[in-house]
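Subject: Structure handover

Hi,

Here is the structure I promised. Please open it first, then read my notes below.

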Amino acid sequence: TGLMTSLIPNLTASYVQNDMEEVKNKINKTYQIVLFCTIPMTVGLSILAKLVWTIFYGASKYGALTYQYLVFVALATVIFTATVTIVQLLKEYKTVFLSLIAGMLVKVALNIPFIYGFNKMGLPAFYGAITATILGFLTSSIICMMFLKKKYKVNFESTLREFFNILISVIVMTLALSLLKLFVPVTTTNRFMAILVVLLYAFVGAVIYLTITYKTNTIQNIFGKEKIDQFLKRIKIKKNRKQTKKKVK
């Protein structure tokens, strides 16, 4: 929501000034920031689904199982919201409506077949409904992206490149958290313990993810090298001040 709110005046200003190169750049940056923030959070929540569900609602067999996959709908929704917002800002309302209708038809058409199909494969039947929802959102998003590429010549190569870098970082983070499960299990039914374990996993996952994205220059490419360097300098200054105070004491 915050990203979309800041996007509206920025994109509109560039569009009104007819600076289409800046519009294209901001469109790509929007996708990159959204993917950078939401993919690791989605995967992390999926891994910790049982604990997160326990914290809010108590222990549950089907609640956590549903949430573990349902959280990916949020990722598809964020991409869909960003895409539709961009197209609306460009005043291409017809494309928005057509993409919404197409997404809805995909959802309706696949819903029941997927429910039966997943059940026959031995998977939870409700996974079929969730998958149909995800594909519906992605269909609408892809239609709008294809329109942006065709009419406004938006090149998504930089976004795809950063997406793969993000994906690799998330895979490494997931492997590390899977190893952590051997030492700190995620099966507790105690809410207080669940909070502590979630915090531990979130900290470890964030450190690994941010470290890898920094080493691969992904975070610098998305947010800007100067801003990242300034942020790191501030952290170093604060650390030095704390160390100085300790020495003085």
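Which residues form a nonpolar patch on the surface? They are L160, F164, L167, I171 and L175, with about 480 Å² of accessible area together. Like charges are joined within 9 Å, and nonpolar side chains (Val, Leu, Ile, Met, Phe, Trp, Tyr) within 5 Å. Areas come from the Shrake-Rupley method with a 1.4 Å probe; for residues, only the protein chains shown count as cover.

This is a predicted model: local features need pLDDT of at least 70, side-chain atom pairs count only at pLDDT 80 or more, and totals for chains, interfaces and linings use all residues. Residues are numbered from 1 along each chain as its sequence is written, and side-chain values use heavy atoms, without hydrogens and water.

F164 sits in helix α7 (residues 157-183). It counts as partly exposed because its relative accessibility is 49%; buried means under 20%, exposed over 50%, partly exposed in between (1.4 Å probe, protein chains only).

Now the inside. The largest nonpolar core has 25 residues. Such a core is a set of buried Ala, Val, Leu, Ile, Met, Phe, Trp, Tyr and Cys residues joined through side-chain atoms within 4.5 Å. V170 is among those with the most contacts inside it. V170 touches I39, P40, V43 and Y209 (heavy atoms within 4.5 Å), leaving out residues up to four places away in sequence.

Best wishes

Note on methods
Patch = residues over 30% accessible without salt bridge, like charges linked within 9 Å, V, L, I, M, F, W, Y side chains within 5 Å. Salt bridge = Lys/Arg side-chain N within 4 Å of Asp/Glu carboxyl O. Helix = DSSP H or I, 4+ residues; strand = E, 2+ residues; numbered from the N terminus.
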